[in-house]
Amino acid sequence: MHAITRTGWVEVITGSMFSGKTEELLRRLRRSEIAGQSVAVYKPSVDDRYGETTIGTHNGRQWEATVVDNEGKGPLEILQADPEAEVVAIDEANFFSEALVEVCNTLADRGTRVIVSGTDQTFRGEPFDPVPQLIATAEYVDKLRAICSQCGEPATRNQRLIEGDPAHVDDPTILVGAEESYEARCRACHVLRTGDEGRHGSRTDINRGENGGEDGGEDENENRNSKETEDGSGNDTPTDESARTSTNS
Ligand SMILES: [Zn+2]
């Protein structure tokens, strides 16, 4: 997909959950490995709750990954982790702070091929930082689509369900450990519950920037869950995906 060159670049693989992003990421890594290139893979520490050191897809494919602190300046450690790597892959980009943008650009400037995967939308259908920033600075962007679980049309949105019901628009963007599930849905089938309850008009929580804390607070956690699920090619919920990955590893 790229002409022969000595320079580095950034590739973004994005789309909704269940669109096969991680599967595509692994496909590219396998090709690099076959060519004898050195590869380094990173994933956000939010995944630690699964006790994993691999990234995986619903079909069972996986790759060894180094867990990185995804908050604040944490992503910068990627710059020192494996300077010799010719190819650096980062999964679940949506769980990282905006420092990831600097990381990817710095690596590319060094001559590294950077492959980043992550969902581009929150459960509200709004931009999920820092993926939009990564897209803007990348040389290559592939936006994958899942299949709408409701109507079968191409799906680009992450439908969050809590006990089977659509999540409220004022829910935190990221919920950690919450009992929730996700479906890929098209624009027409995507549903957001609205109402007086919750925090109105303060949806800035969507952007993790607001939560400066370690884990970014509840908001960030929710987003992360959504994003993680995306990598799979199947229609599993984030929880399912993680469970599978664990099994695989
Ligand atoms: Zn639909």
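Two strands count as paired here if DSSP finds at least two bridges between them. Helices (H or I, at least four residues) and strands (E, at least two) are DSSP runs, numbered from the N terminus. With that in hand, take one example: alanine 40 has valine 88, in strand 6, as its bridge partner.

This is a predicted model, in which local features need pLDDT of at least 70, side-chain atom pairs count only at pLDDT 80 or more, and totals for chains, interfaces and linings use all residues. Residues are numbered from 1 along each chain as its sequence is written. The predictor's confidence in each residue, from 0 to 100, is its pLDDT. The protein chain averages 79, and 70% of the residues score at least 70. Residues 198–249 stay under 50. Where pLDDT is low, the predicted coordinates should not be read in detail.

Strand 1 covers residues 9–15. It runs parallel to strand 7 (residues 113–117), joined by 5 bridges. A residue is buried if 20 or more other C-beta atoms lie within 10 Å of its own, exposed if 12 or fewer, and partly exposed in between, with C-beta atoms placed from the backbone.

Strand 2 runs parallel to strand 6 (residues 87–90), with 4 bridges. It runs parallel to strand 5 (residues 66–68) too, with 3 bridges. Tyrosine 42 stands opposite isoleucine 90 in strand 6. Tyrosine 42 also stands opposite threonine 66 in strand 5.

Now the helices. Helix 1 (residues 21–34) has 14 residues and reaches 20 Å from its first C-alpha to its last, close to the expected 20 Å. That expected span is 1.5 Å times one less than the number of residues. The buried residues of helix 1 include Leu25, Leu26 and Leu29. Glycine 36 follows helix 1, with a positive phi near 85°.

What holds the most contacts inside the largest nonpolar core? A nonpolar core is a set of buried Ala, Val, Leu, Ile, Met, Phe, Trp, Tyr and Cys residues joined through C-beta atoms within 7 Å. The largest one has 36 residues, and those with the most contacts inside it are Val10, Ala89, Leu100, Cys104, Val114, Val116 and Leu134. Helix 3 gives the largest share, 7 residues. Leucine 134 touches Val10, Val12, Ala93, Val101, Cys104 and Val116, not counting residues up to four places away in sequence. Two residues are in contact if their C-beta atoms, placed from the backbone, lie within 7 Å.

Strand 11 (residues 157–162) is joined to strand 13 by 5 bridges. Glutamine 159 stands opposite glutamate 183 in strand 13.

Finally, some backbone details. Most residues other than glycine have a negative phi, and most peptide bonds are trans. Phenylalanine 18 has a positive phi, near 65°. It lies in the loop between strand 1 and helix 1. Phenylalanine 18 counts as buried, with 28 C-beta neighbours inside 10 Å. Glutamate 163 also has a positive phi, near 55°. Glutamate 163 is exposed, with 7 other C-beta atoms within 10 Å. The peptide bond from aspartate 129 to proline 130 is cis, with omega near 0°. Proline 130 is in the loop between strand 7 and helix 4.
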